[in-house]
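Subject: Structure for you to look at

Hello,

Here is the structure I said I would pass on.

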Amino acid sequence: MQTALCKLSIKGMTATRRYEKREISSFFHTLFATFVIMNITTVSIVLFSPTGTSRKVAMAVADGCRYESRIVDATYRTPENLHFESNELVIVSVPVYGGKVAPIALQRLDAMRGNNTPVVPIVVYGNRAYEEAAEQLYEFVRSRGFVPVAVGAFVGEHSYSTSQHPIATGRPDATDLADARAWGKAIAEKLSCAKHPKRIDIATLKEPRNSIFSTIRFVLFVLKQRRNKSGVKPHVEVIDHKCKRCGKCAKLCPTGAIEAGNCLHTDTTRCIKCCACVKGCPTKARKLDTPYAPILSQCFKKRKSPVTTL
Ligand SMILES: Cc1cc2nc3c(=O)[nH]c(=O)nc-3n(C[C@H](O)[C@H](O)[C@H](O)COP(=O)(O)O)c2cc1C
């Protein structure tokens, strides 16, 4: 009888001990998870955006994330502090020039360093093609200590777009920005339950295709332009009587190609043809003379939607 009681009590004790063990293990699990799950609270928006479309896209993605945000703008100068820690999310948004990331953006961001920092590389292009740009930006950040957790390519109004030759006018529009916000929300949700940033495979980003006809037509045009050495090279012109010498163009120029007191002159060795001065001129005194605007407008009319991975 005594033994049975003893056994019972021992059984009871064992049962109690097991229960406690489960409780203790769950307590440690929660404690562990609190420290191990990434605790991201801020987002840094790193951008280069002469005509503002890359900025708009990045802001909408950050808005969707709902983290506290700060902007690191490389449009006018090389930013000072480009070091980022693992407890923040970094969004890098840059335009596509000639199928690659705008070279000056990469120069200005060369000192970027992450510490296993989750990053979202975004390229913004003028509805023709982004070609190598997304992979280039992905590798750029990856080789600097960042972990690309999502990648995106969005369409922005083409820098060469005018009312006469419209190319993706008004993009990113309300639909693009809603997509960008929804994507930002999904990124934040994914990060909120991840223990560490998981690298996305860039090969999963699929570029929207152009029709064979437009591609061939455009390629033939480009080849013809290259052969024609005496043809017009894209350059900015100023209509003297329209220019009020307000100096806004000089302020908007990312490379200092326009002198503040001498708006009529553009230093062609510095000009990157970004069209910030053209689009920002209050009196429409500046225009980019380029043979590419009409052909881009004709060949790449069909709306392309943003492509993203997560
Ligand atoms: C010099 C130059 C080259 C460009 N090359 C391409 C290109 O290869 N493909 C494309 O679709 N858009 C191209 N664009 C258009 C820009 O990628 C697009 O307008 C982008 O939205 C500009 O970004 P931003 O507003 O941040 O300056 C080019 C624009 C410029 C100025």
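**The cores**

Among the 62 residues of the largest nonpolar core, Val61, Ile91, Ile122, Val123 and Leu137 are those that touch the most other members. A nonpolar core is a set of buried Ala, Val, Leu, Ile, Met, Phe, Trp, Tyr and Cys residues joined through C-beta atoms within 7 Å. A residue is buried if 20 or more other C-beta atoms lie within 10 Å of its own, exposed if 12 or fewer, and partly exposed in between, with C-beta atoms placed from the backbone. Helix 2 gives the largest share of this core, seven residues. The domain bounds come from an automatic or database domain assignment.

Apart from this core lies another one of 15 residues, including Val236, Cys253, Ala257 and Ala285.

Before going on, please note that this is a predicted model, in which local features need pLDDT of at least 70, side-chain atom pairs count only at pLDDT 80 or more, and totals for chains, interfaces and linings use all residues. Residues are numbered from 1 along each chain as its sequence is written.

Which residues is isoleucine 122 in contact with, leaving aside its neighbours within four places in sequence? They are Val57, Ala58, Val61, Ile91, Val92, Ser93, Gly152 and Phe154. Two residues are in contact if their C-beta atoms, placed from the backbone, lie within 7 Å.

**The protein as a whole**

The protein has nine helices and twelve strands. Helices (H or I, at least four residues) and strands (E, at least two) are DSSP runs, numbered from the N terminus. Buried residues make up 39% of the 310 in the protein. Of the contacts between residues at least 6 apart in sequence, 79% join residues at least 24 apart.

**Helix 4**

In helix 4 (residues 133-142), the buried residues are Ala133, Ala134, Leu137, Tyr138, Phe140 and Val141. They lie on the same side of helix 4, because they cover an arc of only 160° around the axis. The arc is that of the directions from the helix axis to the C-beta atoms. As background, an α-helix has 3.6 residues a turn, so residues three or four places apart point the same way. What covers the buried residues of helix 4? The cover includes strand 3, strand 4 (100-101), helix 3 (103-108), strand 5, strand 6 (146-148) and strand 7 (151-155).

**Around the ligand**

There are 24 residues around the ligand, and Thr53, Ser54, Pro95, Gly126 and Gly156 come nearest. A residue is near a molecule if its C-beta atom, placed from the backbone, lies within 6 Å of it. The shell around the ligand takes at least two residues from each of helix 2 (53-65), strand 3 (88-97) and strand 5 (117-125). Strand 3 supplies the largest share, three residues. Domain 1 and domain 2 each give at least three residues to the shell.

By type, the shell has nine nonpolar, twelve polar and three charged residues. Here Ala, Val, Leu, Ile, Met, Phe, Trp, Tyr, Cys and Pro count as nonpolar, Asp, Glu, Lys and Arg as charged, and the others, Gly among them, as polar.

**Backbone exceptions**

Most residues other than glycine have a negative phi, and most peptide bonds are trans. Arginine 171 and proline 172 are joined by a cis peptide bond, with omega about -5°. Proline 172 is in the loop between strand 7 and helix 5.

Alanine 168 is found in the loop between strand 7 and helix 5, and its phi is near 55°, a positive value in a residue other than glycine. Is alanine 168 buried or exposed? Alanine 168 counts as buried because it has 24 C-beta neighbours inside 10 Å.

Lysine 273 has a positive phi, near 60°. This lysine 273 lies in the loop between strand 10 (262-266) and helix 8 (276-280), and it is buried, with 20 other C-beta atoms within 10 Å.

- Proline 294 is in helix 9 (residues 292-299) and is partly exposed, with 15 other C-beta atoms within 10 Å.
- Lysine 195 lies in the loop between helix 5 (174-192) and helix 6 (212-227) and is exposed, with 11 other C-beta atoms within 10 Å.
- Glutamine 107 is in helix 3 and counts as exposed, with 12 C-beta neighbours inside 10 Å.

Regards
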